[in-house]
Amino acid sequence: MTANDLTQLTPDEFEQYVSDLYQAMGYKTQRRGKTTEGDQGVDVEARKWRQYVVIQCKRYQGTVSFRDVRDMLGVVTKEQATKGVIITTGKFSKKSIEWAKNQRLELVDGDGITSLLKKHRLGPYKKRSIPMPSIPNPISWIRGDGIPKDINVTEHPKNEVRRSHPNTKRLQEHKVTYRVQLNRRTPNANADLTVENDHLNKRTTVRLTFNCSANNLNQFEDLTTFQSVVEAQVKRWAKFDIVK
């Protein structure tokens, strides 16, 4: 595995590979957040004995800017870390290298990564299966548990989106969406349930929206009951909060 090979990984895969590398070096590691979320300038935390190392991963083919190197020192100070590491498949300028020598910083370029991989005998990146919450088809849950018989249920076809990079053919998006509508004629009450599995970002979102109308107090009470029943059952079924 060389630095050039690592440029073929996604940013998320590269972070995981760096985490694996530091584990091979004897550290206990933990990734912080995802590439799509705020990580406060730290991609990987690495701990060994009393050392606390914060690592920033840059899957570049060019040169990491001096500003990025300088900003990393602020991250080290804020995190109260032993040192900070910027590890890149690219290069660093002479200015960055000289400046970092007098700071609590370590700069690892593409050649440095290749040397570490050989030294610690880390093999090729192994693609991991992405664990997703066990979400059954919503229609099976709705018909089997907790919904009154006077509520009509309409299931829409499952929608699956897979998108790959046109050049590398690497998967960039993979989402599966279920949509179910619940309707109660008297009073007029509709609930729209959407379950989206985002496989690449390891995220499942459950959205529940209501469209209801009432002409009197009795109908209003019926609507309140309808919403309570649907919300309670969705939360129990999905096992996490819903977004309204």
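In which sense, left-handed or right-handed, does helix α2 cross α5? I shall come to the answer in a moment. Please bear in mind throughout that the model before you is predicted.

Let me begin with the two helices. Two packed helices are described by the angle between their axes and the distance between the axes. Helix α2 spans residues 11-24, and helix α5 covers residues 110-120. Their axes lie 10 Å apart and meet at an angle of about 50°. Because angles under 35 degrees count as roughly parallel and those from 65 to 115 as roughly perpendicular, α2 is described as oblique to α5. As for the opening question, the crossing of α2 past α5 is left-handed.

I now turn to α5 by itself. Its buried residues include G110, I113, T114, L116 and L117. Viewed down the helix axis, the buried residues of α5 fall within an arc of 165°, and they therefore line one face of the helix. On the face of α5 turned away from the buried side, we find the exposed residues D111, K118 and K119.

The ends of α5 also deserve a word. After the helix comes R121, which has a positive phi, near 55°.

Next, the sheet. Five strands make up an open sheet, in the order β1-β2-β3-β5-β7, with mixed pairing. At its edges are β1 (28-31) and β7 (105-108), each of which pairs on one side only. From one strand to the next, the twist averages 20°. Within this sheet, β1 pairs with strand β2, residues 44-48, in the antiparallel sense over 4 bridges. Here Q30 stands opposite E45 of β2.

Finally, I would draw your attention to another pair of strands. Strand β10, residues 171-184, and β11 are antiparallel partners, joined over 10 bridges. Within this pairing, the bridge partner of N183 is N190 in β11. How many residues of strand β11 are buried? Of its 10 residues, numbered 189-198, 7 are buried, and β11 is therefore largely enclosed by the rest of the structure.

Thank you for your attention.

Key:
Residues are numbered from 1 along each chain as its sequence is written. This is a predicted model: local features need pLDDT of at least 70, side-chain atom pairs count only at pLDDT 80 or more; totals for chains, interfaces and linings use all residues. Side-chain values use heavy atoms; hydrogens and water are left out. Buried means under 20% relative accessible area, exposed over 50%, partly exposed in between (1.4 Å probe, protein chains only). Helices (H or I, at least four residues) and strands (E, at least two) are DSSP runs, numbered from the N terminus. Two strands pair if DSSP finds at least two bridges between them. The arc is that of the directions from the helix axis to the C-beta atoms. Axes are lines fitted to C-alpha atoms, for helices over the stretch in contact, and angles run from 0 to 180 degrees between N-to-C directions. Angles under 35 degrees count as roughly parallel, over 145 as roughly antiparallel, 65 to 115 as roughly perpendicular and the rest as oblique. A crossing is left-handed if the near helix is turned anticlockwise from the far one by less than a right angle, and right-handed if clockwise.
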